[in-house]
Amino acid sequence: MNRLTKAAVVALALATTAAPLAAQAQNRDHREYRQDRREDRRDDRRDNRNDRREFRQDQRDDRREWRQDRRDDRRDYRQDQRRADRWDRNNRDWWRGRPEFRDYRGARNGYWYAPGRGYYRVDPRYQSYRWRQGAYLPSAYRGYYVSDPYYYNLRPAPRGYRYVHANNDILLIAVATGLIASVLHDVY
C-alpha cells in the first residue's frame, strides 16, 4: 500500500479511537466538576446551618442571661422588702401601720383578734389560756388561718397542717384533729 493510504488508515483509526476517548475524558471531567460543585454547595449549606444554629444559641443564651439577671433582681428586691417588712419580737409596735391591723384596738375582754379578720368572741375558759404543744385547739377556733406565715419568720406549714391565730399566739395545728404541733407565744 502506498504511504498515503497507510497514513489515511492510521489517521482514521486514530480518529475513531481518539474521539470517544476524548469525549469520555471530557465527560469524566464534567462529572468531577459537577461533583465538586455539589460538595461545595453542601459545605456552604452546612456552614450556613451551623452559623444560624450558633446565632440562635447565642440569642438564647443572651435571653437566658437577661432573664436570670431580672429574676435575681426581683429576688433581691423581694428579700429587701421582706427584711424591711417583717415581724420583730423586740419591737412591740411592729403591727402599727399594717393594713390587716387597721381595726385592732388592743386586747378586749371576751374576744381574740385575728389580723385581717377582726375580733371574734371566745369562750371565757380560753380567754387567758396558755396554749402548749400536744394540746388540742377547739374546732370553733381552727378557721383563723395566718395569711402570711413568712411575715412571722415561720417556715411553710407541712402538708395537713396550718398556722392559726389564737389570742395573740400563733399555733401550728393539724387541720383534721386540731392537735397543736408548735406554739409562738405573744406575737402582738
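## Aromatic pairs

The structure holds 13 aromatic pairs. One of them joins Trp112 and Tyr120. Their ring centres lie 5.9 Å apart. Their planes meet at 90°, so this pair is edge-to-face. This is a predicted model.

A further pair is formed by Tyr113 and Tyr119. Here the distance is 5.0 Å from centre to centre, and the angle between the planes is 65°. This pair is edge-to-face too.

## Buried or exposed?

Are Trp112 and Tyr120 buried or exposed? Trp112 has a relative accessible area of 0%. Tyr120 has a relative accessible area of 6%. The cut-off for buried is under 20%, so Trp112 counts as buried, and so does Tyr120. Tyr113 and Tyr119 are both buried as well.

## An aromatic cluster

Which residues form one aromatic cluster? Trp112 and Tyr120 belong to it, along with Tyr126, Tyr129, Trp131, Tyr141 and Tyr144.

## Charges over rings

Two arginines are placed over tyrosine rings. The charged end of Arg108 sits over the ring of Tyr119, 4.6 Å from the ring centre. Tyr119 is also the partner of Tyr113 in the edge-to-face pair. The charged end of Arg162 sits over the ring of Tyr145. In that case the distance to the ring centre is 3.9 Å.

## The sheet

Three strands form an open sheet. Their order is E3-E4-E5, and the pairing is antiparallel. Why is one side of E3 and of E5 left without a neighbour in the sheet? E3 and E5 (180–184) stand at the edges. Each has a single partner strand, so one side of each has no neighbour in the sheet. From one strand to the next, the twist averages 25°.

How many bridges join E3 and E4? Six bridges link E3 and E4 in the antiparallel sense. At one of these positions, His165 has Ile170 in E4 as its bridge partner.

## Asn168 in its loop

Where is Asn168? Asn168 lies in the loop between strand E3 (161–166) and strand E4 (169–174). Its relative accessibility is 18%. Buried means under 20%, so Asn168 counts as buried.

What is Asn168 in contact with, leaving aside neighbours within four places in sequence? Its contacts are His185, Asp186, Val187 and Tyr188.

Methods:
Residues are numbered from 1 along each chain as its sequence is written. This is a predicted model: local features need pLDDT of at least 70, side-chain atom pairs count only at pLDDT 80 or more; totals for chains, interfaces and linings use all residues. Side-chain values use heavy atoms; hydrogens and water are left out. Rings of Phe, Tyr and Trp (its six-membered ring) pair if their centres lie within 6.5 Å; planes under 30 degrees apart count as stacked, over 60 as edge-to-face and the rest as tilted. Buried means under 20% relative accessible area, exposed over 50%, partly exposed in between (1.4 Å probe, protein chains only). A charge sits over a ring if NZ of Lys or CZ of Arg is within 6 Å of the ring centre and within 35 degrees of the ring normal. Helices (H or I, at least four residues) and strands (E, at least two) are DSSP runs, numbered from the N terminus. Contact means heavy atoms within 4.5 Å. Two strands pair if DSSP finds at least two bridges between them. Axes are lines fitted to C-alpha atoms, for helices over the stretch in contact, and angles run from 0 to 180 degrees between N-to-C directions.
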